[in-house]
Amino acid sequence: MVAGGPIIEARDVDFYYGAFHALKGVSLDVAAKETTALIGPSGCGKSTFLKLLNRMNDFVPGARLSGEIKVAGRSIYGSDSDPVSIRRLVGMVFQRPNPFPKSIYDNICYGPRLIGARKKADLDVLVEKALKAAALWDDVKDKLTKSALDLSGGQQQRVCIARALALSPEILLMDEPTSALDPIATAKVEEWIKEADLSIVIVTHNMQQAARVSEHTAFFYLGELVEFGPTMEIFTRPRERRTENYITGRFG
Amino acid sequence: MALFGYSLKERQTRELLALGVIRFLGGSFLAVMGALVVYLVYRGGSAISWDFLTEYPRDSMTAGGIWPAIVGTFGLAAGSMLVAIPLGFGAAIYLAEYARPGPLLTVIRLGVNNLAGVPSVVFGLFGLAVFVSFLGFGRSLLSGCLTLGVLTLPTVTAAAEEALRQTPASFREAALALGANRWQAIRQVVLPAALPGMLTGAILALGRAAGETAPIIFTASAALTLNAPESVFSEVMALPTHIFNLATNGAHIAATRPQQFGACLTLIVLVLGLSLFALIIRARLRKGRKW
């Protein structure tokens, strides 16, 4: 991988759920250390594309992929690639906050423990670092042993972010991470995204959000990547008619 | 004003009518159950004493106690769960987590649910053929536990599978996205969340195992034992079969009436106690696991 080059390279990706052609010839490069937003109406394939990036579609019966996706220069659908190690490199935050019914501390430690972290001292450091990175440390430092489910929705989502960050991923995928949150919690998560020193791919229904947090934006429609470019350009001078219609609210 | 035919008054009448019917049905159920318990306490209560619970039967069962039957019932119920829980939970994990959806899975699930409705005497004959005769375990605690284990297996499996299915998919996704493999996600996240629900099925099965009569007549129960069981190959007495024997077989059926009712009451209290114990375990597991 060249410094400043793409961290994700997708080439001619076609994806099917059974007979349904969900993605049609998508090619897209995601720049390292930047935030890339995927926008488009429901069912356009943006979430499907996101889930291909850490192989979360592997469990869908009848799913089939052609084309190539490389993460950090390595093909993730090659015969020698291992989904488990890919998911440690590419973290994911879901639409609804989904902390485990365990303590905050144990939620954060889940990933590190899977790869053999056992020493309390090491885990303590990791938990503090991850929670600070997710801008949650000050809120929860006195109640790490409390159930994560007792937190507010916004705090739960930041626990999920911290849980993903505890594995020090290269890339974080976020699937509409604020759609279940109130405006204040949303602002906090967006703030975090803007500050984060990490490659982020975020799916969002909220075009203002895409404009606020991302450097690049990709517009998907009916399984095609219609337009991809710097966020400023997509929102001010879209080249495609369909992009313009969508971002100006004519359909969606 | 009745815009669409029903006035407010009519709708209120209907509501009251529905409420009345439901209250009547619920009340009837409680009355029947209550009458049963009151009758049992009335007829059996006088027979219950410390000696009745801790002594062996005497004088052609007209005197003495039911201690060996209590021990046998405990042994059979506990042993059957040792058989049904590992097998049932294992099968449920396979069905809910690993098996691919399709016609085969539908047939298996249908089979499991239908087995739960097979009369217990059929399981008794199965146990007699397989465990007692073919495997040569004889009429014994072991054969009884295995038979009752097989009998309760469908209930345990179906309930456990349902509990696993009701665990939010988002827990699995979260674990997998953090680099867990499937078994890790199941063991560390799905199972702890589903366990209280899975135990509910086991609780019901435990009560059933303690109360079943027909399956153990063939496979485990002796009319009378005068020692504690020496090994799993010993015959045991059990409360349901003891009641059955006293009420149908003895030379002094009328004289053993108090013993019969006393044993019935003991059995009911025992099943209640086992259920309560299991409920407490479940409540403890459930703590902090709401979502």
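Q: What makes strand 7 and strand 8 of chain A a pair?
A: In this predicted model, strand 7 of chain A and strand 8 (residues 199–203) of chain A share 5 bridges in the parallel sense. Pairing requires at least two bridges, so the 5 bridges here qualify them as paired. Asp175(A) stands opposite Val203(A) in strand 8 of chain A.

Q: How do you know that strand 6 of chain A also pairs with strand 7 of chain A?
A: Strand 6 (residues 90–93) of chain A is joined to strand 7 of chain A by 4 bridges, and the two run parallel. The criterion is at least two bridges, so 4 bridges meet it. Met92(A) stands opposite Leu173(A).

Q: Why is strand 7 of chain A called mostly covered?
A: A residue is buried if 20 or more other C-beta atoms lie within 10 Å of its own, and 5 of the 5 residues in strand 7 (residues 171–175) of chain A are buried. Ile171(A), Leu173(A) and Asp175(A) point one way, Leu172(A) and Met174(A) the other way, and all are buried.

Q: Why is chain B called more spread out than a compact globule?
A: Chain B comes to 11 helices and 2 strands. Its radius of gyration is 24 Å, whereas the globule rule gives 19 Å for 291 residues; the value is well over the rule, so chain B is more spread out than a compact globule. The C-alpha atoms of chain B fill a box of roughly 75 × 60 × 35 Å along the principal axes.

Definitions and conventions. Residues are numbered from 1 along each chain as its sequence is written. Chains are lettered from A and ligands numbered from 1 in the order in which they are written. This is a predicted model: local features need pLDDT of at least 70, side-chain atom pairs count only at pLDDT 80 or more; totals for chains, interfaces and linings use all residues. The radius of gyration is taken over C-alpha atoms; the globule rule is 2.2 Å times the number of residues to the power 0.38. A residue is buried if 20 or more other C-beta atoms lie within 10 Å of its own, exposed if 12 or fewer, and partly exposed in between; C-beta atoms are placed from the backbone.
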